[in-house]
Structures are given as C-alpha cells and as structure tokens.
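This report works through one structure, part by part. Keep the coordinates open and follow along.

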Amino acid sequence: MSNYFKVLRPGINSTFQDLGRFGLQHLGIVASGCMDQLLFYISNKLVGNKVSEGALEFAYQGPLLELVGESALVAVSGKVNFKVINKNGETKQGTPNESFIVSNGDKIDILSTINSVYGYFSILGGFELKEIKGSVSTLVRAKIGPNNGDKLKPDDKIFFNRSNSTGETKKIEFDFDTDNTIRVMKGLQFDYFSKKSQEDFFSKEYKVTRLTDRMGMRLEGEKLENTVSKNIKSEGITKGSIQIPGDGQPIVLLSDHPTIGGYPKIANVITADYDKLVQKTQGSKIKFKLVDLVVAESSFQDYIARFNNF
Amino acid sequence: MLKKISNIGDCGITCDFGDEVNKKTNKEVIKLFNFIQESVNSKKIKGILNYTPSYNKLIINFELGKIKSKEIIEFIKGSDYSKTTLSEKNKIVEIPICYDEEFALDIKRLEEKTKLSFKEIVNKHLNTDFFVYMIGFVPGQPFLGDLNKNLYHDRLDTPRVKIKKGSVGIVEKFCTIYTFESPGGWNIIGKTPLDLFNINKKNTSVLSPGDTVKFKSITKRDLSSFKNE
C-alpha cells in the first residue's frame with residue numbers, strides 16, 4: 001500500500017528544499033536550499049530525521065494536504081497558523097514546533113505564517129524525493145529538483161518513506177529573532193557610493209517590498225548614489241550580497257540568486273542574520289548595522305550554538 | 001596575476017586578478033579555479049561549497065562551520081597553482097550552428113552596421129577559436145570571446161522578450177548561447193541544436209570555464225535532424 005499526501009491546495013510557493021546543491025555554481029547552478037536554516041533544522045529534529053533530510057518549505061500560505069495511507073509522525077516548524085482536520089470533519093488547532101501523528105484521511109491545513117514568511121513541514125523517514133546532483137532542493141526557475149523542479153500543484157501526490165520506528169512526539173521551544181537590525185559587512189564596491197549614501201545605508205530604514213521571493217529581496221528607501229559606475233564587470237554572486245542597481249534601491253540576493261551579476265554591491269548580510277532577514281514580511285522595515293569579520297564569525301558561533309541546544 | 005583577495009561577507013572570498021577583461025587575465029582566473037576544484041575533489045581542503053570564475057575574479061564560497069576565510073586565503077597563498085597549464089584540464093568543443101535567416105534575427109542589421117556581407121560575418125565567426133570565459137546567470141550559459149573586432153556591436157536598445165533556446169548571440173567582444181528560453185538583448189546570428197545543459201546527465205554542462213569552442217556551420221536540414229545524445 002502506498003502512502004502519500006494528496007495536495008488539495010498547494011499554497012503560494014511550496015517547494016522541497018534541503019541544505020542546498022553545491023559545487024555547480026561555475027556551471028550556472030545556484031545552491032538554492034532552505035531559506036531559514038534554523039527552522040529547517042528544527043523541522044527535522046522534531047520528527048527524529050537526520051538534519052539534512054529534505055522538507056517541504058512554504059511561504060506565507062502553505063498547502064492543504066490529506067494523508068492517504070498509514071499513520072505518520074509529522075511536524076510544522078515556524079510561526080504558523082495551521083489546523084488538523086480528521087476524517088470525521090473535526091478540526092483542531094495545530095501546534096507548530098511540536099511533532100504529532102496524522103492518520104489516514106486527516107487533513108493538515110497550513111493557513112498562514114504569522115509575522116514571518118517561511119515555515120517547514122517534515123515527516124519521520126523523509127519524503128520520497130529524487131536527488132539531483134546530491135540534493136533535493138528545488139530551483140523552479142531552471143526546473144531543477146524533485147517534483148519536476150516545480151512548486152507544488154493541486155492534485156500532486158507527495159509520497160514519503162516509511163520509517164521502521166513509530167517515532168516519538170517532541171516539542172522544541174525557542175525564541176524567534178524579531179528585532180529589525182540586520183548586521184552586514186562592507187561589500188566589494190562599498191567605496192562606489194557617496195559618503196552620504198554610505199551613511200544613509202546604515203542609518204535609514206529600508207522597507208521590504210512585495211517584489212521579494214527566494215531569488216531576492218527588493219528594498220525601498222533612501223536612494224543610494226553611486227559615484228563611480230552603475231555597472232561592474234560581471235562577477236560571481238554570494239548569497240546575502242546587497243546589490244544596488246541604477247535606480248539606487250537595494251536588492252538583497254537570496255538563496256536562488258543568479259550565479260553572476262554586474263551590479264555593485266554595497267554590503268553583505270552576515271550568516272548569523274540571514275534567517276532573520278528572510279523572515280521579514282512585505283512592508284517590514286529593516287535597518288542595517290555594520291560589523292567586521294571578527295564580529296560576524298563570533299556571531300556565527302552563537303548562532304550555531306542554538307542548533308546544538310535542541 | 002592574483003592582485004588581491006578580499007572577504008565577501010563571512011562566508012565568501014574574492015580573488016581579484018585586476019581590471020582587464022581579456023583572455024590572459026581570465027586564464028589566470030581559470031588556473032586558480034581548476035586548482036580549487038581539484039583541491040576540493042581530492043579533499044585537500046574542506047568546507048568549500050562553490051567556486052565561481054568570472055572575467056577577472058574567482059569567488060569562493062564556504063561553509064563557515066567548517067572553515068574560515070583566513071585558512072582559505074593562506075591555502076591559496078601557499079600554493080603554486082599558477083604553474084599549471086590550461087590545456088591539461090580543458091577541452092576543445094565543436095558546436096554546430098545554423099546561420100539560416102530564420103534564426104539569424106539580427107544579421108541584416110549587422111551587415112549594415114559592419115559593412116560586411118552575410119558571408120563575411122559568418123566566416124569571421126566560424127574562423128574564431130572562442131575561449132569560455134565563464135558560465136552562468138542561468139544554468140549552462142557560456143560567455144565566449146573574443147569575437148573578431150569587425151563584428152563588435154552594442155546590445156539591442158530594446159531587449160527581446162523571448163529568445164529561443166539554442167540562439168547564438170553577440171555583443172561587444174563576446175558571444176553567448178542561450179541555454180533556456182529567456183529575455184535578452186544580444187544580437188542573434190544563428191542557432192545551435194546542441195543541448196549545452198542537461199541537469200539529468202552526468203556531465204551537466206557540455207562546456208566548462210576555460211574550454212575552447214569552435215563553431216561548425218550546418219544547414220537547416222542538419223539542424224532539424226540533429227539528435228542530442
């Protein structure tokens with residue numbers, strides 16, 4: 001008997017992701033991978049998977065799924081409003097960051113994330129996903145990944161691996177980063193910008209616009225004036241780079257970024273603050289704070305220490 | 001020569017080979033790229049996630065939990081990769097191209113602009129050994145150079161909304177091949193039936209940075225009967 005989830009509603013942008021597909025950027029293939037590593041990690045921990053197991057990532061509105069088959073241990077991580085509806089139609093509010101058992105005919109309705117963008121859905125034993133170049137991450141733009149490289153669609157079936165153990169439910173408590181300060185290091189072309197713009201960048205607020213997705217986050221705020229050159233020779237791009245195109249409005253390049261690009265970069269988001277950044281919803285205001293490599297590296301140690309607590 | 005190594009945030013470094021965009025500079029970039037790739041494959045260095053060459057830079061991304069920028073910079077400075085030769089690693093690839101007017105959308109304009117005949121343009125393109133400077137923006141898209149000087153031309157004023165996969169375009173001293181249908185502003189001079197990129201193949205990309213490309217003219221009939229392996 002096969003076991004699967006039937007997709008009754010796919011959600012806005014639901015894709016399978018893991019930690020990313022590496023070693024191919026020189027061929028034009030970006031790493032992709034989960035946007036929020038901490039939540040991804042937690043979703044796997046909750047069901048007892050290895051922490052790199054592929055999970056279903058959703059943004060804002062998640063999917064409505066119906067289980068067909070044997071009971072399974074699952075979890076939803078993030079700040080998420082979701083409901084579990086059993087086959088008799090009884091509805092129960094779901095608790096995120098705590099694993100639970102679903103049975104044949106149960107529906108999981110992931111209604112929305114709360115004051116955040118991304119959340120994860122995981123299952124004990126993992127989903128049945130085909131690895132492509134060592135990863136089950138999805139890059140929709142190039143149709144690379146499981147599910148034919150596409151996001152979830154209505155009537156898709158999500159098969160999963162049966163686990164030998166039944167697993168134990170588990171709860172993880174943790175604090176979400178909610179402040180609006182994003183720490184950055186100076187970018188390669190920081191000196192291209194006028195003194196005033198350099199100051200503005202670190203003192204003014206920037207608003208997250210609706211033109212934001214897994215590829216990049218477009219910001220709106222004080223225009224940044226480039227006094228050297230609006231284009232540079234195309235160069236490799238790093239996740240978290242903040243580029244300033246001709247219109248002077250920043251774009252933070254996120255997990256599905258193009259592999260090379262020709263806009264000057266004013267700054268780079270430090271690894272420890274990346275998860276916090278990607279969770280900023282449309283309309284949120286953020287502020288950038290300049291730090292150096294020493295601070296960035298020690299902040300990373302604090303960030304990683306959180307993972308080891310669960 | 002490697003001029004400068006700088007940090008890009010806390011999990012990347014850039015190796016800068018100067019401001020020139022030419023084959024000589026790019027070959028130095030590719031040498032370091034080959035060296036890093038080999039060092040990763042032979043596990044001489046850990047924690048490297050990606051290494052991306054462009055015209056004059058190599059960007060290296062790494063896993064901060066496994067290695068720090070200081071260690072990578074020391075590793076590069078302490079090695080003598082520049083002695084390697086490119087020909088050991090890189091290959092010559094023949095790419096079929098059909099210059100039929102159905103596909104050579106911009107060749108009429110190029111004739112007017114360059115004062116060369118269609119045949120002269122084609123011959124100049126065919127007689128060039130192109131160097132693969134870099135691959136990217138989208139998967140598998142190569143940036144080849146250098147074009148014959150007489151064919152140098154600006155980007156289209158208004159980019160096309162859709163350029164078909166396999167289209168071969170030129171801008172300034174570069175030539176590219178579209179590996180996906182996409183918008184674009186390059187002057188299109190022909191089409192190749194060869195699939196340069198296929199994620200499901202072991203060799204995902206036919207070309208690698210540092211390879212040499214020679215175009216081979218084919219007829220419209222050859223184009224339609226061409227079978228990718």
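## Chain B: two domains

The model is predicted. In chain B, the domain assignment gives domain 1 (4–87) and domain 2 (92–225). Their C-alpha centres lie 28 Å apart. The contact between them draws nine residues from domain 1 of chain B and seven residues from domain 2 of chain B.

Which element supplies the largest share of the side of domain 1 of chain B that touches domain 2 of chain B? Helix 1 (residues 23–41) of chain B does, with five residues. By class, this side of domain 1 of chain B holds five nonpolar residues, three polar and one charged.

## Chain B: overall build

Chain B contains five helices and 13 strands. The C-alpha trace of chain B spans about 55 × 35 × 35 Å along its principal axes.

Of the 229 residues of chain B, 41% count as buried. Now take contacts in chain B between residues at least 6 apart in sequence: 63% of them join residues at least 24 apart.

## Chain A: two domains

Chain A is also divided in the assignment, into domain 1 (4–159) and domain 2 (181–307). How far apart are the centres of domain 1 of chain A and domain 2 of chain A? Taken over C-alpha atoms, the separation is 28 Å. Here the contact involves 17 residues from domain 1 of chain A and 13 residues from domain 2 of chain A.

On the side of domain 1 of chain A that touches domain 2 of chain A, helix 1 (residues 37–47) of chain A gives the largest share, three residues. That side of domain 1 of chain A comprises eight nonpolar, seven polar and two charged residues.

## The barrel in chain A

Seven strands of chain A form a closed barrel. The order is 12-19-16-17-14-13-20, and the pairing is mixed. Neighbouring strands of this sheet are turned against each other by 40 degrees on average, direction ignored. In general, strands of a sheet pair through backbone hydrogen bonds, either parallel or antiparallel.

Follow one stretch of the barrel order. Strand 13 (residues 206–212) of chain A pairs with strand 14 (residues 216–220) of chain A in the antiparallel sense, over three bridges. A hairpin of three residues joins strand 13 of chain A to strand 14 of chain A. Which residue of strand 14 of chain A is the bridge partner of K207(A)? E220(A) is. V208(A) stands opposite L219(A) in strand 14 of chain A.

Strand 14 of chain A also pairs with strand 17 (residues 251–253) of chain A. This pairing is antiparallel and runs over three bridges. Within strand 17 of chain A, V252(A) stands opposite M217(A).

## A buried aspartate

D273(A) sits in the loop between strand 19 and helix 3 (274–278) of chain A. Is D273(A) buried or exposed? D273(A) has 24 other C-beta atoms within 10 Å. The cut-off for burial is 20 or more, so D273(A) is buried.

Which residues does D273(A) contact beyond its neighbours within four places in sequence? They are I182(A) and R183(A). D273(A) and R183(A) are 90 residues apart in sequence. In space, their C-alpha atoms are 6.4 Å apart.

## Where the chains meet

Between the chains, 34 residues of chain A are in contact with 38 residues of chain B. Three elements of chain A each supply at least two residues of the side that touches chain B: strand 15 (235–236), strand 19 (265–269) and helix 4 (293–307). Helix 4 of chain A gives the largest share, five residues.

How do the residues of the side of chain A that touches chain B divide by class? They divide into 18 nonpolar, twelve polar and four charged.

Methods:
Residues numbered from 1 in each chain as written. Chains lettered and ligands numbered in written order. Predicted model: local features only at pLDDT ≥ 70, side-chain atom pairs only at ≥ 80, totals over all residues. Domains from an automatic or database assignment. Contact = placed C-beta atoms within 7 Å. Helix = DSSP H or I, 4+ residues; strand = E, 2+ residues; numbered from the N terminus. Nonpolar A, V, L, I, M, F, W, Y, C, P; charged D, E, K, R; others polar. Buried ≥ 20, exposed ≤ 12 C-beta atoms within 10 Å, placed from the backbone. Pairing = 2+ DSSP bridges. Axes fitted to C-alpha atoms, helices over the stretch in contact; angles between N-to-C directions.
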